[in-house]
Amino acid sequence: RFMRNWGNVSHWFRLHMILGIIGPLLVLFHSNFSLGSTNSNLALFSMLLVAGSGLIGRYIYTRIHFGVYGQQASLKEIRENLQITKGKLSEQFKLSGTITTKIRAIEKRLLKKRIFFVSILLLPFIPIYTYGNIFFVVRAIRKDIRRQARQNGWDNKIRKKFSIEANSLLVFYIKNVRRAAELNIYRQLFSLWHLLHMPLFITLKILWQLPQSFSYLA
């Protein structure tokens with residue numbers, strides 16, 4: 001409790017990551033990038049494993065927060081943004097049945113609840129699926145806007161303006177659907193990573209003390 005006023009947690013987290021990178025680098029330079037005894041080698045590789053694990057954890061952390069040290073993302077906020085964007089689309093444009101059906105299919109596919117390990121296997125394919133569908137939707141909305149321009153007698157300037165606005169709203173919407181789909185997966189991954197990172201750190205501390213203990217006994 002006496003440490004509660006020692007600064008913001010984000011600052012300590014930043015310092016933790018900086019030292020977690022600088023420390024192993026200094027050890028590598030100190031050892032001249034060469035291997036020693038079995039015990040020291042175990043300690044060295046454990047240290048590198050912990051550092052590598054930290055980099056992986058940092059990446060997962062950025063996927064569930066706004067920025068590297070920012071506020072944790074909320075699924076509720078993302079869903080609210082989706083509703084606001086959908087409302088703006090329906091207010092400004094009359095989307096064709098093809099586009100509406102495609103957007104619903106994207107939502108259903110990305111937000112479908114799956115077994116966690118299946119979700120992890122599908123995680124790398126979510127961006128591919130998202131950007132592939134963005135390409136399809138952008139092409140479809142351009143055709144839709146051209147059709148509406150002919151029906152309503154819009155000139156090229158108005159047509160291009162509506163086309164840009166519709167494209168940006170749809171792309172923003174689909175990206176937020178993707179973010180909502182990834183958020184829970186990354187949260188669970190972060191919990192699993194934390195369970196692994198701490199035992200690795202404890203193992204490192206034990207192995208790091210072994211060479212000193214043996215030298216003391218000798």
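**Rings, helices and buried spots**

Analyst: Let's start with the rings: Tyr-61, Phe-190 and Trp-193 form one aromatic cluster. Bear in mind that this is a predicted model.

User: Why is the pair of Tyr-61 and Phe-190 called tilted?

Analyst: Rings pair when their centres lie within 6.5 Å, and planes under 30 degrees apart count as stacked, over 60 as edge-to-face and the rest as tilted. Here the centres of Tyr-61 and Phe-190 are 6.0 Å apart and the planes meet at 55°, so the pair is tilted. This pair also links distant parts of the chain, with Tyr-61 in helix α2 (residues 38–63) and Phe-190 in helix α7 (residues 156–217), 129 residues apart.

User: What makes Tyr-61 buried?

Analyst: The cut-off for buried is under 20% relative accessible area. Tyr-61 has 14% relative accessibility, so the buried label applies. Phe-190 comes out at 21%, so the label there is partly exposed.

User: How many aromatic pairs are there by that rule?

Analyst: The count comes to four aromatic pairs. One of them is Phe-2 with Trp-6: the ring centres are 5.6 Å apart and the planes sit at 75°, so this pair is edge-to-face.

User: And those two residues, Phe-2 and Trp-6: what are their relative accessible areas?

Analyst: Phe-2 has a relative accessible area of 65%, so this residue is exposed. Trp-6 is at 47%, so that one is partly exposed. The cut-off for exposed is over 50%.

User: What lies over the face of Phe-136?

Analyst: That would be Lys-102, at 5.1 Å from the ring centre. For a charge to sit over a ring, the distance has to be within 6 Å, with an angle limit as well.

User: Let's zoom out. How many helices and strands does the protein chain have?

Analyst: Seven helices and zero strands. Along the sequence the pattern reads α-α-α-α-α-α-α. Of the 218 residues in the protein chain, 30% are buried. If you take the contacts with a separation of 6 or more, 78% of them involve residues 24 or more positions apart. The accessible surface comes to about 15000 Å², and carbon and sulfur atoms account for 63% of that.

User: Which residues of α1 are buried, and why say they line one face of the helix?

Analyst: The buried ones in α1 are Ser-10, Met-17, Pro-24 and Leu-28. Looking down the axis of α1, those buried residues fall within an arc of 80°, so they line one face. The face of α1 turned away from the buried side carries exposed Val-9, Leu-26, Phe-29 and His-30.

User: What about helix α4: what arc do its buried residues fall within?

Analyst: Ile-99, Ile-103, Ile-106, Glu-107 and Leu-110 are buried in α4. Their arc, seen down the axis of α4, is 95°, so they line one face of the helix. On the other side of α4, Thr-98, Thr-101, Arg-104 and Lys-108 are exposed. As for span, α4 (residues 97–110) has 14 residues and reaches 20 Å, close to the 20 Å expected.

User: Arg-178 is in helix α7. What makes this residue buried?

Analyst: Arg-178 has 14% relative accessibility, so it counts as buried. Leaving out residues up to four places away in sequence, Arg-178 touches Arg-63, Leu-110, Ile-126, Pro-127, Thr-130 and Tyr-131.

User: Last one: is Ser-119 buried or exposed?

Analyst: Its relative accessible area is 12%, so Ser-119 is buried. Ser-119 is in helix α5 (residues 116–122). Apart from neighbours within four places in sequence, Ser-119 is in contact with Arg-114 and Ile-185.

Terms used:
Residues are numbered from 1 along each chain as its sequence is written. This is a predicted model: local features need pLDDT of at least 70, side-chain atom pairs count only at pLDDT 80 or more; totals for chains, interfaces and linings use all residues. Side-chain values use heavy atoms; hydrogens and water are left out. Buried means under 20% relative accessible area, exposed over 50%, partly exposed in between (1.4 Å probe, protein chains only). Helices (H or I, at least four residues) and strands (E, at least two) are DSSP runs, numbered from the N terminus. A charge sits over a ring if NZ of Lys or CZ of Arg is within 6 Å of the ring centre and within 35 degrees of the ring normal. The arc is that of the directions from the helix axis to the C-beta atoms. Contact means heavy atoms within 4.5 Å. Accessible areas come from the Shrake-Rupley method with a 1.4 Å probe; for residues, only the protein chains shown count as cover. The expected span of a helix is 1.5 Å times one less than its number of residues.
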